[in-house]
Amino acid sequence: MKYFNVTVMEKGKKRQETVKADSKMDAINIGKKKFPRAMVMRAVETSAPLEDTFANLLAGLQKSAKSKIPIQDKISTIRQIAVMTDAGISITDTLAEVSDNTSNQALKVIYAKVNADINAGKSMSESMEPYTREFGHVALAMTNLGERTGKISEAYHKLADIMESIRDNTAKFKKAIRGPMITLAAMAIAFTILIMVVVPKFKDIFSRFKTELPLPTQILLKLEWAFSNYGLLILALLAGGVFALKYFYRNNRDFKYKMDTLMIHPRFYLINKAIFLSTMHKYNLVFGELVKSGIPVSEALDTAVGMVDNLAIKEKLLTVNANIGRGMSLAESFEITGLYANMLLQMVKAGEAGGQLDAMLDKVTEYYDMEFQDLIDNLSAYIEPIMLFFIAGLVLLMALGIFMPMWDLGKAVKS
């Protein structure tokens, strides 16, 4: 929905009213209905009012918080469906049992609705389609595969395996960066406390100096002044900035694309490599498993690319299926993206030529997984120099800011 300033003429006086509408003509029609005795002169698109912007921001954050389903809960229910259907229990009885037993309220409602739709005559894939956002494209593809082959248990066991692999890698990455993040946070808190407690004790001494203070001391004094007078405001702005960044990243595609492009830029040391490797591992894992399960390459590519979160990488991978449609081989299409090393392209080419594409895709997936695991295992060693440089910088600033004026004072006394 857009916002428009609608200008109306009523009793010889002009006034503006802000209305929300899909288009300019809709805004004019709304103005006519809202002011039947006035003449609507024009409608000009404008930005959303401040209160509406904040309301939308809060609503979006609340919706995101409520709609997120833990991946472990999804894996547990999917594995339960696979086991029960493998035992010969009908899908409707299985879904009813899963809905009753799961502790996650969102999943309870979803499975109950899916079961109701199946009982109403829909297929399982049609019933699952409205919940693609919650389960992902791969869940829908594996449901389709299970219906086609009549082996829903086998398809769902494979789906659970894929989701477990993605979960384990995500958890390992979060665990690897948790330590450095805690260290950085502790250093920031310690530095802030030093600024607030130590610097004021020297403030009166520094104020007596008749000469210009050194730059490090000026920085410390300005930081102390800012923290003392606007500390809560700075904290609120930082928190608001983080929330706003998350909101726009999730809800504004242009903003997300720019951030995703920035995150994989070579300047972002380690971050770019971690995002690239984890994304490519997920993409090739899903693609390889779907091809191995018998899904056509074109359909498998569409499903796999739906699992890619980074829009900059996704844009390149979307060209693969289009190029295959133009008659290119899979290896040639991958080469155009610029995302695959020459060694991997040779493996895909050999797999296509020898009719062993699924086996070669497994090797490609293993390569990305190995590279990602190596990055995670050595993350501490990679980050340590950066952490030491950062900590040394803070300590040096504090030391020079306090002791340089003292040295100058000592020189003045001696002379």
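View 1. Asp-260 and Lys-256 form a salt bridge, with their closest N and O atoms 3.3 Å apart. A salt bridge here is a side-chain nitrogen of Lys or Arg within 4 Å of a carboxyl oxygen of Asp or Glu. The model is predicted: local features need pLDDT of at least 70, side-chain atom pairs count only at pLDDT 80 or more, and totals for chains, interfaces and linings use all residues. Residues are numbered from 1 along each chain as its sequence is written, and side-chain values use heavy atoms, with hydrogens and water left out. Because Asp-260 and Lys-256 are four residues apart in helix H11 (residues 253-263), about one helical turn separates them. Helices are DSSP runs (H or I, at least four residues), numbered from the N terminus. An α-helix has 3.6 residues a turn, so residues three or four places apart point the same way. Both Asp-260 and Lys-256 are buried. Buried means under 20% relative accessible area, exposed over 50%, and partly exposed in between (1.4 Å probe, protein chains only).

View 2. Asp-362 forms a salt bridge with Lys-292, and the closest N and O atoms are 2.9 Å apart. The pair links distant parts of the chain, since Asp-362 is in helix H17 (residues 357-377) and Lys-292 is in helix H12 (residues 271-292), 70 residues apart. Asp-362 is partly exposed, with a relative accessible area of 23%; Lys-292 is also partly exposed, at 38%. Salt bridges that share partners join Lys-158, Glu-289, Lys-292 and Asp-362 into one network.

View 3. In the whole structure, a search finds nine salt bridges. One of them pairs Arg-79 with Glu-164, whose closest N and O atoms are 3.0 Å apart. This pair also links distant parts of the chain: Arg-79 belongs to helix H3 (residues 71-86) and Glu-164 to helix H9, 85 residues apart. Arg-79 is partly exposed, with a relative accessible area of 22%, and Glu-164 is partly exposed, with 23%.

**View 4. The buried residues of helix H13.** In H13, the residues Ala-300, Leu-301, Thr-303, Ala-304, Val-305 and Gly-306 are buried. These buried residues pack against helix H8 (137-149), H12, helix H14 (311-325) and helix H15 (330-337). Thr-303 is found in H13, which covers residues 297-306, and has a relative accessible area of 10%. Apart from its neighbours within four places in sequence, Thr-303 is in contact (heavy atoms within 4.5 Å) with His-137, Val-138, Ala-141 and Leu-290.

**View 5. A positive surface patch.** Lys-68, Lys-174, Lys-175, Arg-178, Lys-246 and Arg-250 form a positive surface patch. Patches are made of residues with over 30% relative accessible area and no salt bridge; like charges are joined within 9 Å, and nonpolar side chains (Val, Leu, Ile, Met, Phe, Trp, Tyr) within 5 Å. Lys and Arg count as positive and Asp and Glu as negative, while His and the chain ends are not counted. Helix H9 (152-207) and helix H10 (215-251) each supply at least two residues of the patch. H9 gives the most, with three residues. Arg-250 lies in H10.

**View 6. A nonpolar surface patch.** Ile-189, Ile-193, Met-196 and Val-197 make a nonpolar surface patch of about 360 Å². Accessible areas come from the Shrake-Rupley method with a 1.4 Å probe, and for residues, only the protein chains shown count as cover. Val-197 has its place in helix H9 and is partly exposed, with a relative accessible area of 47%.

Technical notes. The place of a charge is taken as NZ of Lys, CZ of Arg, CG of Asp or CD of Glu.
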